[in-house]
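Subject: Structure for you to look at

Hello,

Here is the structure I said I would pass on. My notes on it follow below.

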Amino acid sequence: MRPSFLFNPSKSSAFYLTLFLALSVLGLTAFEAVNGHYSIVGSVASFLGLFVAFHSWKAADDASRNTDEALRQMQALAHETRQLVQSSNAVEEQIKNAVVTISDATRELHKGFEPIMQEVAKFLAEAEGSEYLAIMTDSAAIGTFYARHHHPALNQREMRALTDRIHDLLLERARDTREFYLATLAADETPDALPPTRDQHGRLHHFVEGVWQQFHPEAPVAEEHWREHQQQHCATLRQIQETFTTLSEHPEQRAAGVEPHQQLPVLPFQLLLRFNAEAKEPFRALVIFLGQYNLDRVAETRAMQSTDPELVRTFISMFESLTSLDDHPGYQQLRRQFPL
């Protein structure tokens, strides 16, 4: 409720000042009428007293208004802070729910480890000579840990041939694509003299441990199995780097100073992304719904493919954000030079 004019000092100050002056003049002119008992000094003192009281009232009213405004701003800030906390907590839950929802809706497209690895090999083969190829996965040794330790056991001869085929295609694409990016979880080396810990092994070890626990919940992953996979991962990265630096099919990316290998802080799911303007379907994505949000579904891994340009562009934006490529000046230069 707004205060009335008479009780709002910011609006009625001129009115009260005029009233005080009028009363003083009236007192002075009525001096003779009251037989000299009205004191001029008293009139002035009364006026000054009333004037000081009015200004005190106005100052108190202004202070009260300022206090109310500060409290309102503090309450608004507290409300915004609560909203930010709730929003940040909801983002991860939304990603997790989206992964489950999309994979549930498309579970019949590709299902099972071996069929999906066959689709990976096919995707890499069809990406020959592409303008842009981006891969987001746990390890550079794609599929090797699953094939080796899957339970129930898979046909090791067939799986070895399939993962070797994927490995060879990966090196070929690192040679013949204009832009090639492989993003993986970090697998830090540790001194042999120290007993390794989960934190020392890096993010890839956390993921491998999660996969292992789904197949063998009775015991943690053995050090020998982890070391074997880590060596395969690092060896593949060295081969990709050597292919990238010694061959000349991608001079633009090399000139921009953007490395082919990027490290992931998080792996919501695994992605293969391709852009080729000369292809019948320029944009293509293979999404494998296996990441940190659904490790409990390792035994029934699912995947989907999409050629929808807007959806693939969305996945490319996610890839750029997770790898921080969108902050890299060289990568920004490539996107200006070669828009997707």
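At 1.5 Å a residue, helix α8 (residues 223–246), with its 24 residues, should span 34 Å, and its end C-alpha atoms are 34 Å apart, which agrees. The expected span is 1.5 Å times one less than the number of residues. Helices (H or I, at least four residues) and strands (E, at least two) are DSSP runs, numbered from the N terminus.

This is a predicted model: local features need pLDDT of at least 70, side-chain atom pairs count only at pLDDT 80 or more, and totals for chains, interfaces and linings use all residues. Residues are numbered from 1 along each chain as its sequence is written, and side-chain values use heavy atoms, with hydrogens and water left out.

The buried residues of α8 include W226, H229, H233, L237, I240 and F244. Buried means under 20% relative accessible area, exposed over 50%, and partly exposed in between (1.4 Å probe, protein chains only). An α-helix has 3.6 residues a turn, so residues three or four places apart point the same way.

Next, the rings. There are 6 aromatic pairs in the structure. Rings of Phe, Tyr and Trp (its six-membered ring) pair if their centres lie within 6.5 Å; planes under 30 degrees apart count as stacked, over 60 as edge-to-face and the rest as tilted. One of the pairs is Y181 with Y331, edge-to-face at 5.6 Å centre to centre and 70° between the planes. This pair links distant parts of the chain, as Y181 lies in strand β3 (residues 179–185) and Y331 in helix α11 (residues 329–337), 150 residues apart. Y181 and Y331 are both buried, and together with Y132 they form one aromatic cluster.

F269 and F315 make another edge-to-face pair, 6.1 Å centre to centre with 90° between the planes. F269 is in the loop between β4 (261–264) and β5 (270–275), F315 is in helix α10 (residues 309–323), and 46 residues separate them. F269 counts as buried because its relative accessible area is 6%; for F315, also buried, the value is 9%.

Two arginines sit over rings: the charged end of R178 over F338, 3.9 Å from the ring centre, and that of R335 over Y331, 5.0 Å from the ring centre. The test is NZ of Lys or CZ of Arg within 6 Å of the ring centre and within 35 degrees of the ring normal.

Last, A127, in the loop between α3 (113–126) and β2 (132–136). A127 is buried, with a relative accessible area of 0%. Leaving aside neighbours within four places in sequence, A127 is in contact (heavy atoms within 4.5 Å) with L133, R173, T177 and R274.

Regards
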